[in-house]
Amino acid sequence: MPRRRLTVLAATLGLSALALTACSGGATSGASSDAGAEYDLVSDGTLTVATEGTYRPFSYHEGAGELTGFDVEIAKAVAGKLGLEVRFQETQWDAIFAGLDAGRFDVIANQVSINPERQEKYTFSAPYTVSRGVIVTNDDDSSISSFADLSGKTTAQSLTSNWYELATQSGAQVEAVEGWAQAVALLKQGRVDATINDQLTYLDYEKTNSPTGLKIAAETDDTSESAFAFKKGQDKLAEAVDGALEELRADGTLTTISEKYFGADVTR
């Protein structure tokens, strides 16, 4: 499960020690320094975007190459629609909101899930990622097709994840694991019946390793949504980003980027 959807357990560290700055080329050629003057940007004509750079497939480096990923490409496309250059500041997760509060960047693009606690402090764009929890089984297993079917079954879960709670609530016995890779290994070995995780985790694994011999047996009704995060008061910029996202959704760009990374449209 992408760790942004779990409770983050980390010590608070000094921003100056953690922030790793890296600049990427602009998404829009010919953007003037006057572009975006109404948005109160950190740098005139440039959208400064905070992202981790170590969070595959959302924000990462392919070897020693340039910064890339699902969130990175969407941020570049949004900047292009707004007529702005884009500059990425690679920042560790534990320091990313502090950096936004301090005005080091304009926006966070790092699979930031929308929740009531964050909405009290930050402004969010329209969501560009929508995901559900899923039960993953071996593709030849027809005994599980709902969460009720997990009763009496064994699932592999991290004990600190939200999915552990869902598994036990569904009546499953839980085999403790450190994460997705170990859960999948146990599932393929036949040592557990299933694992519950985020849909994006499964789709990324399937896209990268297909054929995997696995399938989604069931999914939750509730969804988790991720969006760009802004400081409170950045309403003009947030509204402009919403307009750009709407255009990118209408012209198929969001779908194209999503299918590139996940083999499916996870943007709606």
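The legends below describe close-up views of helix contacts and strand pairing in a predicted model.

Residues are numbered from 1 along each chain as its sequence is written, and side-chain values use heavy atoms, with hydrogens and water left out. Local features need pLDDT of at least 70 and side-chain atom pairs count only at pLDDT 80 or more, whereas totals for chains, interfaces and linings use all residues.

**View 1. Helices H2 and H8.** Helix H2 (residues 70–81) and helix H8 (residues 235–250) have axes that come within 9 Å and cross at roughly 105 degrees. That makes H2 roughly perpendicular to H8 (angles under 35 degrees count as roughly parallel, over 145 as roughly antiparallel, 65 to 115 as roughly perpendicular and the rest as oblique). Axes are lines fitted to C-alpha atoms, for helices over the stretch in contact, and angles run from 0 to 180 degrees between N-to-C directions. Helices (H or I, at least four residues) and strands (E, at least two) are DSSP runs, numbered from the N terminus. From H2, Ile74, Ala77, Val78 and Lys81 meet Val241, Ala244, Leu245, Glu247 and Leu248 of H8; contact means heavy atoms within 4.5 Å.

**View 2. Helices H2 and H9.** The axes of H2 and helix H9 (residues 253–262) come within 10 Å and cross at roughly 160 degrees. H2 is therefore roughly antiparallel to H9. On the H2 side the contact is made by Phe70, Glu73, Ile74 and Ala77, which meet H9 residues including Leu254, Ile257 and Tyr261.

**View 3. Helices H6 and H7.** Helix H6 (residues 180–188) and helix H7 (residues 199–209) cross at roughly 70 degrees, their axes coming within 12 Å. That makes H6 roughly perpendicular to H7. Trp180, Val184 and Lys188 of H6 meet Thr201, Tyr202 and Tyr205 of H7.

**View 4. Strand E5 and its partners.** In strand E5 (residues 107–113), which is mostly covered, seven of its seven residues are buried (buried means under 20% relative accessible area, exposed over 50%, partly exposed in between, with a 1.4 Å probe and protein chains only). E5 pairs with strand E1 (residues 46–51) in the parallel sense over two bridges; two strands pair if DSSP finds at least two bridges between them. Ala50 stands opposite Ile108 in E5. Strand E11 (residues 214–231) runs antiparallel to E5 and is joined to E5 by three bridges. Val112 stands opposite Ala227 in E11.
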